Amino acid sequence: MVLRTFHIFPTRRGEAQLRLQACEQHDDWFIADQPHLFETFHRHLNMLAFDAEDTARMVRFFDALHINDRLLSTAAICRPRPGLAFTVREDYKSLLLSRAESISRLARDYGSQPPEISRLLGDIEVRSVDEVHVEWTIRSPSQETIEHYADRRLALIVKEKNRTQVYIRHRDADARNVQFEISEQLAHLCGVPLKYTSLLWAALLLNNVEILDNALDRGGTLRATNCE
């Protein structure tokens, strides 16, 4: 597509001056399609100069140009550092399972169905560690590794094959102390749109789920059925 060769894409690294780039394979810029990815990489990579909410409105444009490989949710691969000692937290998993209906309601408009959410959450293993040490690998559009470095996060969700692992810190293992970063990643895992991330966080924090259900009813979010 000819449009890919035009220098019309405003990009920036950190606080540097904007510059216009094309999107040919050798042009090394990315799209921060999730807020935490912007926070992690905006000082390290050239990125499209729009925030996650703006980029969410451009999905069809990215599809048309075949540049989804520039989305950091695709290009940035995060893995726990090998050898982390962990404790399995069944109570935390139970919290997630108990919120399956609420999560389904938030994801419903985007095609996720309640049984899918329940199965997805049922496959999760929650692991608590001292610190969530991770390693990032960034793949360029040409599939070359252009960045590899260590980092530390509040939480991490890793999906591999038929198993999903959730890493949290020991001090956050109390089910009443859910980090917002878990909600961001859980939203991505379950297909919950960005605008509902705060509601998802509320669903995890509230002991009285009926309060949230009433709020979703008032907001017009459909109630999920057959969640088991």
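I started with helix α5, residues 90-98, in this predicted model. I listed its buried residues: Tyr92, Lys93, Leu95 and Leu96. I then checked their directions around the axis. They span an arc of only 150 degrees, so they sit on the same side of α5.

Next I looked up the nonpolar cores. Which residues have the most contacts inside the largest one? They are Leu121 and Leu186, in a core of 27 residues. Helix α8 gives the largest share, five residues.

Leu96 had already come up as a buried residue of α5.

I also found a second, separate core, with 20 residues. Phe30, Ala32, Val134 and Leu156 are among them.

Last, I turned to the strand pairing of β1. Strand β1 (residues 9-12) pairs with β2 (residues 19-21) over three bridges, in the antiparallel sense. I asked which residue of β2 is the bridge partner of Phe9. It is Gln21. The two strands, β1 and β2, form a hairpin with six residues between them. In the turn, Gly14 has a positive phi of about 60 degrees.

Strand β1 also pairs with β3 (residues 47-48), in the antiparallel sense, over two bridges. Here I recorded Leu48 of β3 as the bridge partner of Thr11.

Note on methods. Residues numbered from 1 in each chain as written. Predicted model: local features only at pLDDT ≥ 70, side-chain atom pairs only at ≥ 80, totals over all residues. Heavy atoms only, no water. Buried < 20%, exposed > 50% of the residue type's maximum accessible area, 1.4 Å probe, protein only. Helix = DSSP H or I, 4+ residues; strand = E, 2+ residues; numbered from the N terminus. Arc of directions from axis to C-beta. Core = buried A, V, L, I, M, F, W, Y, C linked by side-chain atoms within 4.5 Å. Pairing = 2+ DSSP bridges.
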